[in-house]
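Trainee: Could you take me through the part of this protein that UniProt lists under "binding site"? I would like to see how it sits within the whole.

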Amino acid sequence: ITAIRGSVRESAIGKTKTTDKADRATAERAIDHKTRMILYKMLNKGAFRDISGCISTGKEANVYHATQSQGQPLAVKIYKTSVLEFKDRARFMQGDFRFKNGYCKHTKTMVEIWAKKERGNLMRLKAAGIRCPTPYLLRLNVLVMEFIGKYGCAAPRLKDAALSLDKLREGYVEIIIAMRTLYQKCKLVHGDLSEYNILYYEGHLYIIDVSQAVEHEHPHALDFLREDCVHVSDFFKKHGVAVMTIRELFDFIVD
Ligand code: ADP
Ligand code: MN
């Protein structure tokens, strides 16, 4: 227990490069009591033997690297419990029938709902054969999932992957097919798809960060889809790939 307390604190403080990030990590280092208890319980149940580093500190969640008893890596995404940070998410929630009964009913907090949504959406992606982390364990605001990467080294985001033009062309085809599958099979629109939420690992693209993904029946689903198309197209176009027009891509996905 001391080990986890120490490592969680240290990892949140250390390994950050920019001042901005360091400040944020420092402010964030105190994982709240409830979250800490969840981590203790997971540790005691043998879900992992330690949490050994911070992969990312974001506005809404931190992602940590953990190690299973046999040494295999895990990713642990901890949603921040400060509800205020989730204000801009209202637009995703309104119109999503999964939230019809509101979030007060079962005394689940907003972040707990986002964590649960992320797991549910990841499961849908998996079932449809889309590359993404496999979710393993969910407890309130803590989601334990498959670590995408090797030897404790997280796979780079597409933005940072520095791919050759050939690899980029392959990646473009792979991601637009995944976007179509996501829409057609999972009946979902990602809503925040870009080079920031795609990881490049072993020659393939992995979609992450799906907590805000919406049902394709959401009243703004097609607006979100168009934004996703623009972000994905812009990235590949900027790097020299001959891409479809937004209209063509959009039609390819929905038709
Ligand atoms: P947010 O953007 O809301 O902070 P993300 O789910 O996008 O949360 O995760 C933040 C970062 O953590 C990602 O950009 C990625 O670098 C890393 N990451 C997230 N999930 C995994 C995973 N399963 N394996 C490896 N790295 C991950
Ligand atoms: Mn993200």
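Mentor: Among the contacts in this predicted model between residues at least 6 apart in sequence, 63% join residues at least 24 apart. The protein has 8 helices and 11 strands, and buried residues make up 37% of its 255 residues.

With that background, we can turn to the part you asked about, for which the unreviewed UniProt entry lists Asn 197 and Asp 209 under "binding site"; such annotations may be inferred rather than shown by experiment.

Let us take Asn 197 to begin with, which is found in the loop between β8, covering 188–189, and β9, covering 198–201. Asn 197 counts as partly exposed because it has 19 C-beta neighbours inside 10 Å, whereas a residue is called buried if 20 or more other C-beta atoms lie within that distance of its own. If we leave aside its neighbours within four places in sequence, Asn 197 is in contact with Asp 192, Ile 207, Ile 208 and Asp 209, so that the list includes the other residue of the UniProt record.

Asp 209, in turn, has its place in the loop between β10, which spans 204–207, and β11, which spans 214–215. Asp 209 is buried, because 25 other C-beta atoms lie within 10 Å. Not counting residues up to four places away in sequence, Asp 209 touches Asp 192 and Asn 197.

Methods:
Residues numbered from 1 in each chain as written. Chains lettered and ligands numbered in written order. Predicted model: local features only at pLDDT ≥ 70, side-chain atom pairs only at ≥ 80, totals over all residues. Helix = DSSP H or I, 4+ residues; strand = E, 2+ residues; numbered from the N terminus. Buried ≥ 20, exposed ≤ 12 C-beta atoms within 10 Å, placed from the backbone. Contact = placed C-beta atoms within 7 Å.
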